[in-house]
Amino acid sequence: MVCSGRMRDSKTSVFDFQLADGRILSCLFELSARAKRVLLKYSPERGLRMAWPETRKPDDGEVLTILERLRPWIENQVAKAQKRAEESGANGLGDSGCRSSKNGKNKLPDSIHLVAVGEVWPVVYEIVKTDKITLEVRKANLELAGKSAYKPREDHLAVRGPDQQFFPHILQQWLLRVAKHHLPVETVRLAAQYGFKINRVTVKRQKTRWGSCSGKSNINLNYRLMLLRPDLVRLVIMHEFCHLKHMNHGEEFYRLLASYCPDWKELNKELRRAERALPAWSMDEPDA
């Protein structure tokens with residue numbers, strides 16, 4: 001079964017693909033100037049992605065038909081990736097959420113992997129004489145000021161400040177801003193899909209919980225969910241939805257959760273592994 005798609009912008013859309021075991025796999029569709037033919041790729045880190053020549057934009061039905069026709073290949077790719085993950089003790093973060101560089105005890109990342117949405121953001125740092133710490137999104141091929149010229153091949157984050165000990169905090173602020181943009185949209189979408197009535201969705205820098213649900217039908221989510229795989233994000237959101245009907249962890253709660261997430265037990269284990277493997281910069285508390 002393939003659910004209907006939703007447009008993100010004029011060139012990209014997202015289609016939800018339901019696997020045979022009930023899990024939902026999101027496919028990122030993109031009109032590409034470089035694609036000469038339709039290309040479908042899958043990786044645990046970037047998910048399912050379809051590139052389509054931008055000379056002709058297909059309707060949703062055409063994309064859905066192709067996905068359904070390629071179901072055996074998709075199911076096989078997901079199964080092989082899951083087997084590799086189990087054999088290697090994967091942590092649910094894709095490529096560990098970031099690549100750590102040799103930047104001292106703070107372990108500043110060379111890149112940040114937003115696994116939940118399949119984006120990788122390179123990060124560059126500049127130590128400058130200033131009273132402010134800033135982070136900006138810079139477009140590709142812009143030279144950075146400094147002793148050596150650096151021309152990144154893609155959009156990236158540029159962090160500037162007098163002392164790198166404060167850099168993790170500003171990366172957290174950026175991640176929180178990104179999470180506030182993406183997570184409420186996904187939560188509202190899932191609520192509409194499964195018929196849950198929610199009031200407000202809030203994204204916070206929570207320390208000990210991935211999510212919570214209040215008696216007023218408010219959903220709170222941890223901004224670090226952006227570093228997790230989409231299926232783990234979905235599990236957390238569906239877990240909180242089930243609390244709308246059962247404000248406990250009794251048998252009825254887990255029975256309801258299993259109806260939406262048949263593999264919730266295995267995903268819960270992966271969620272715990274992911275929590276232990278979160279990158280240090282996302283956990284550091286700012287110095288006083």
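Which residue in E8 does His-113 stand opposite? In the predicted model examined here, His-113 faces Val-120 of E8.

The protein chain contains 6 helices and 13 strands. Of its 288 residues, 47% are buried. Contacts between residues at least 6 apart in sequence were also examined, and 53% of these join residues at least 24 apart. The accessible surface of the chain amounts to about 15800 Å², and carbon and sulfur atoms account for 50% of that area.

The mean pLDDT is 80, with 80% of the residues at 70 or more. The highest value among the elements belongs to strand E13 (residues 219–222), with a mean of 96, whereas the lowest belongs to strand E6 (residues 98–100), with a mean of 34. The pLDDT is below 50 over residues 95–106, a stretch that has 36 contacts in the model beyond near neighbours in sequence. Residues 140–153 likewise have a pLDDT below 50, and this stretch has 17 contacts beyond near neighbours in sequence. Where pLDDT is low, predicted coordinates should not be read in detail.

Strand E7 spans residues 109–114. Because 5 of its 6 residues are buried, E7 is largely enclosed by the rest of the structure. Strand E8 (residues 119–127) runs antiparallel to E7, and 4 bridges join the two. Together, E7 and E8 form a hairpin with 4 residues between the strands. Within the turn, Gly-118 adopts a positive phi of about 70°. The pairing of His-113 with Val-120 in E8 belongs to this arrangement.

Asn-220 is located in strand E13, the element with the highest mean confidence. With a relative accessibility of 14%, Asn-220 counts as buried, since the cut-off for burial is under 20%. Apart from neighbours within four places in sequence, Asn-220 is in contact with Thr-202, Lys-204, Gln-206, Trp-210, Gly-211 and Ser-212.

Side chains of opposite charge can pair when their charged atoms come close. A search of the whole structure identified 9 salt bridges. One of them joins Glu-186 and Arg-189, with an N to O distance of 2.7 Å. Both residues lie in helix H3 (residues 167–194), and because they are 3 residues apart, about one helical turn separates them. Glu-186 is partly exposed at 21% relative accessibility, whereas Arg-189, at 16%, is buried.

A salt bridge also connects Arg-229 with Glu-270, the closest N and O atoms lying 2.5 Å apart. Arg-229 is placed in the loop between E13 and helix H4 (230–243), while Glu-270 belongs to helix H6; the pair therefore ties together parts that are 41 residues apart in sequence. Both partners are buried: Arg-229 has a relative accessibility of 14%, and Glu-270 has a relative accessible area of 10%.

Glu-266 and Arg-273 form a further salt bridge, with 3.7 Å between the closest N and O atoms. Glu-266 is partly exposed, with a relative accessible area of 29%, and Arg-273 is likewise partly exposed, at 29%. Elsewhere in the chain, salt bridges link Glu-68, Arg-71 and Glu-75 in a network.

Ser-282 lies in the segment that follows helix H6 (264–276). Its relative accessibility is 0%, so Ser-282 counts as buried. The side chain of Ser-282 reaches the backbone oxygen of Pro-279 at a distance of 2.8 Å. When residues up to four places away in sequence are not counted, Ser-282 touches Gln-172, Tyr-223, Arg-224 and Leu-227.

How values were computed. Residues are numbered from 1 along each chain as its sequence is written. Side-chain values use heavy atoms; hydrogens and water are left out. pLDDT is the predictor's confidence in each residue, from 0 to 100. Contact means heavy atoms within 4.5 Å. Buried means under 20% relative accessible area, exposed over 50%, partly exposed in between (1.4 Å probe, protein chains only). A polar contact is a pair of N or O atoms within 3.5 Å; within protein, one must be able to donate a hydrogen and the other to accept it, and residues adjacent in sequence count only if both atoms are side-chain atoms. Accessible areas come from the Shrake-Rupley method with a 1.4 Å probe; for residues, only the protein chains shown count as cover. Two strands pair if DSSP finds at least two bridges between them. A salt bridge is a side-chain nitrogen of Lys or Arg within 4 Å of a carboxyl oxygen of Asp or Glu.
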